[in-house]
Amino acid sequence: MATGSTASLLVLLTALTVTLLLAGYISSASHHQVQNAHIVGSFTDTRKLLRQLTVSVNKTRGLEARDHWFWINGKKTRLFSGAMHYFRIPREYWRDRLIKLRSSGCNVLETYVPWNLHEPHRGEYNFKDMLDLRAYVKLAEECGLFVILRPGPYICSEWDLGGLPSWLLSDSEMKLRSTYQPFIKSVETYFQELLPHVTDLQYSNGGGPIIAWQIENEYGSFGDDTNYLLQIQKMMKENGVCELVFTSDNEQGLLNGAVDRVLMTANFQNIELGKEMLQILQEKQPSMPRMCMEFWTGWFDHWGDSKHQVWPLNEFEESLKYTLEEYGNINFYMFHGGTNFAFMNGANEQTENDQLKDGQDYLADVTSYDYDALLTERGDTTPKYDLTVELLSKYKSEVVYLGDCPTTIVTLPAPHQYDDVMLNTGLSMDEVLRSAVSVDIKGNAVAMEMLPVNNGNGQSYGWILYRKTIEKGGKVNVKGQVRDRTLVFLDKKLVTTFDCDTPDFQFELGSAGVLDFLVENMGRANYQTIGQSIIHNQRKGLNNTVTIDDVALSDWSVYSLDFTEDHLNRIKKEKFSRIKKIKASPAIFKGYLKVTSSSSLADTFLDMRGWGKGIVILNGRNLGRYWPVKGPTKTLYVPGVWLSQGDNEFMVFEIEEIPSDRTLKFRKTPVLG
């Protein structure tokens with residue numbers, strides 16, 4: 001309800017509007033040319049004008065950055081924010097995680113927005129279930145939290161291709177994160193669909209929760225084309241973004257990623273880097289508030305790491321105290337990491353002479369995104385959470401909150417160790433291939449993104465099998481890199497295995513037969529630095545010339561094993577055989593977990609030790625990849641809300657090693673390594 005001078009102004013505006021309306025009606029009537037539709041239109045237009053004037057009068061002042069502080073609706077405040085990605089958390093658990101964020105003393109939720117999930121195929125959009133961004137933002141509001149959105153188009157985030165959709169790579173000339181017009185046009189079309197979903201929830205548009213937006217993401221470490229950033233900023237504004245915008249960069253790109261008259265923020269973990277970046281911020285924006293937009297609370301794991309990445313509590317405490325004192329504003333990245341379900345994990349890759357470790361140029365991220373964050377993968381609080389609550393409480397009087405913390409707390413059941421599940425039926429590889437989309441390719445084999453499937457969008461994720469009948473054996477040479485991991489079969493028998501760290505791979509074939517290359521896309525790189533071209537070279541599969549005794553092979557039959565919803569529906573229609581008939585991998589195995597009561601539904605973890613490499617599908621949902629031999633993680637998170645009373649179907653696509661008992665085992669706790 002309006003009060004004081006605001007109410008007086010509204011009365012004046014109302015009187016003025018009615019006067020104008022009557023004057024227009026009398027004037028029109030005096031000429032005897034007024035039609036009913038015209039009169040109704042006049043009233044309608046006037047009501048619209050009145051609403052616009054009312055909104056203008058009641059318009060709240062959004063987030064401002066000035067005088068060394070942030071201000072919300074004219075009130076000075078600190079920003080204590082936590083990163084939690086809706087697309088990494090089962091929707092049913094959003095409220096639990098948001099309440100824990102608000103209860104910690106934070107007043108802001110921050111989230112990335114993944115383009116590749118919201119537009120999986122060009123022009124096809126998905127904002128349902130776990131991807132309902134609008135519902136997530138509104139739920140944050142209910143929990144008393146402001147919201148910072150980071151819509152990309154690139155998000156990094158240890159996410160496949162940094163959130164960019166793989167169909168962009170079907171353009172052989174594509175230049176990602178640039179002013180290359182086909183890329184810019186695709187971003188423009190996506191923003192026109194995405195941003196209107198939430199722009200009416202901005203704080204300046206009547207008090208919604210959204211107070212700030214990020215322009216791109218850590219662009220300064222990737223490039224220095226300010227014109228590109230300006231185009232992204234322009235597109236955001238044209239599609240309704242009216243709140244404060246900012247850039248966010250690590251130490252490599254803080255200067256390159258800056259935009260004139262746009263707030264700069266820093267990303268770091270240790271105090272030394274924090275000090276270096278603080279000096280730059282003080283020089284470039286001396287009157288602006290300082291914010292650590294990514295305070296890295298832990299780190300992520302790669303397949304092959306010797307152990308789970310952990311940031312000790314004492315070091316976390318020391319750096320957090322420094323950041324709160326010297327920066328004053330912080331976004332915990334991650335507050336809660338969640339899970340890289342399905343095939344969404346990213347990867348790191350380096351060019352020659354700049355290897356990651358142990359001579360490897362490519363390292364894929366694991367399925368768990370626990371991150372050693374303040375909440376565990378399944379949302380439990382940690383000592384870091386308790387410490388953060390204690391430290392943030394000292395600044396409570398300097399923090400403006402959107403609303404009170406909900407008093408109704410979500411109580412989740414304790415994790416449960418279910419009985420073992422025997423996988424007693426399955427499909428051989430030949431039967432699996434019957435469910436796949438297949439195409440014949442003339443000439444050399446092509447990458448999955450270039451396949452003429454999915455209405456011209458190519459294949460995005462999973463495995464791709466290349467088949468060729470050869471008339472003789474000999475020395476095989478696979479030129480260049482095959483991305484990412486390849487199993488070679490001759491007449492269904494495994495010949496050899498190699499990965500993308502072994503270019504120009506050679507091996508011997510002793511005879512003629514059916515030659516198969518089964519190639520796994522293990523995750524596209526999500527990060528590169530200036531001068532590298534990694535992100536532009538993420539097409540997956542056998543995109544190379546293959547020769548036998550120096551004679552090139554051509555004309556391949558190609559099978560797409562992407563395990564999408566459509567593919568899984570085709571798999572379910574296949575006739576599963578008794579398990580004894582399946583003698584070797586790759587194969588799919590199936591079994592059922594019976595849950596007798598809905599009260600028994602609880603989170604659990606699959607212990608995949610004994611299995612080789614593959615994925616697990618639960619009731620049609622892809623839980624993600626497992627590779628326990630490589631580690632460090634040995635388990636897969638199973639959200640209890642994805643189970644149901646009755647029979648729950650588990651399918652395992654195993655490509656390397658079948659355990660003798662063909663059994664799935666459960667644990668109450670994860671084994672992260």
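User: Which share of the contacts in the protein chain with a separation of 6 or more comes from residues 24 or more positions apart?

Analyst: Residues 24 or more positions apart account for 79% of those contacts, where contact means heavy atoms within 4.5 Å. Please keep in mind that this is a predicted model, in which local features need pLDDT of at least 70 and side-chain atom pairs count only at pLDDT 80 or more, whereas totals for chains, interfaces and linings use all residues. Residues are numbered from 1 along each chain as its sequence is written, and side-chain values use heavy atoms, with hydrogens and water left out.

User: How many helices and strands does the protein chain have, and how many of its residues, in percent, count as buried?

Analyst: The protein chain has 12 helices and 33 strands, which are DSSP runs numbered from the N terminus (helices are H or I with at least four residues, strands are E with at least two). Of its 673 residues, 58% count as buried, a word that stands for under 20% relative accessible area, with exposed being over 50% and partly exposed in between (1.4 Å probe, protein chains only).

User: How should I read the packing of two helices, and at what angle do α9 and α10 pack?

Analyst: Two packed helices are described by the angle between their axes and by the distance between those axes. Helix α9 (residues 313–326) and helix α10 (residues 383–392) have axes 11 Å apart, at an angle of about 25°, and therefore α9 is roughly parallel to α10, since angles under 35 degrees count that way. In the contact, Leu313, Phe316, Glu317, Leu320, Lys321 and Leu324 of α9 meet α10 residues Pro383, Lys384, Leu387, Thr388, Leu391 and Leu392. By class, this contact of α9 with α10 has 8 nonpolar, 1 polar and 3 charged residues (Ala, Val, Leu, Ile, Met, Phe, Trp, Tyr, Cys and Pro count as nonpolar, Asp, Glu, Lys and Arg as charged, and the others, Gly among them, as polar).

User: Which residues of α8 meet α9?

Analyst: In α8, Ile271, Gly274, Lys275 and Leu278 meet Glu318, Ser319, Tyr322 and Glu326 of α9, and by class this contact has 3 nonpolar, 2 polar and 3 charged residues. The axes of α8 and α9 lie 10 Å apart and the angle is about 20°, which means that α8 is roughly parallel to α9.

User: Which residues of α9 are buried, and what covers them?

Analyst: Phe316, Ser319, Leu320, Tyr322, Thr323 and Leu324 are the buried residues of α9, and their cover includes β4 (80–84), β9 (263–268), α8 (271–284), β10 (290–296), β11 (328–336) and α10. An α-helix has 3.6 residues a turn, so residues three or four places apart point the same way. After α9 comes Gly328, whose phi is positive, near 85°.

User: Where does Leu161 lie, and is Glu218 buried or exposed?

Analyst: Leu161 is in the loop between β6 (146–150) and α6 (181–194), and has a positive phi of about 55° although it is not a glycine; Leu161 is buried, with a relative accessible area of 0%. Glu218, in the loop between β7 (210–214) and α7 (226–238), is likewise not a glycine and has a positive phi of about 45°, and Glu218 counts as buried at 6% relative accessibility.

User: Which residues does a cis peptide bond join, with omega about 0°?

Analyst: That bond joins Ser585 and Pro586, and Pro586 is in the loop between β26 (577–578) and β27 (587–595). A cis peptide bond also joins Gly631 and Pro632, with omega about 5°, and Pro632 is in the loop between β30 (621–626) and β31 (635–638).

Definitions and conventions:
Axes are lines fitted to C-alpha atoms, for helices over the stretch in contact, and angles run from 0 to 180 degrees between N-to-C directions. Angles under 35 degrees count as roughly parallel, over 145 as roughly antiparallel, 65 to 115 as roughly perpendicular and the rest as oblique.
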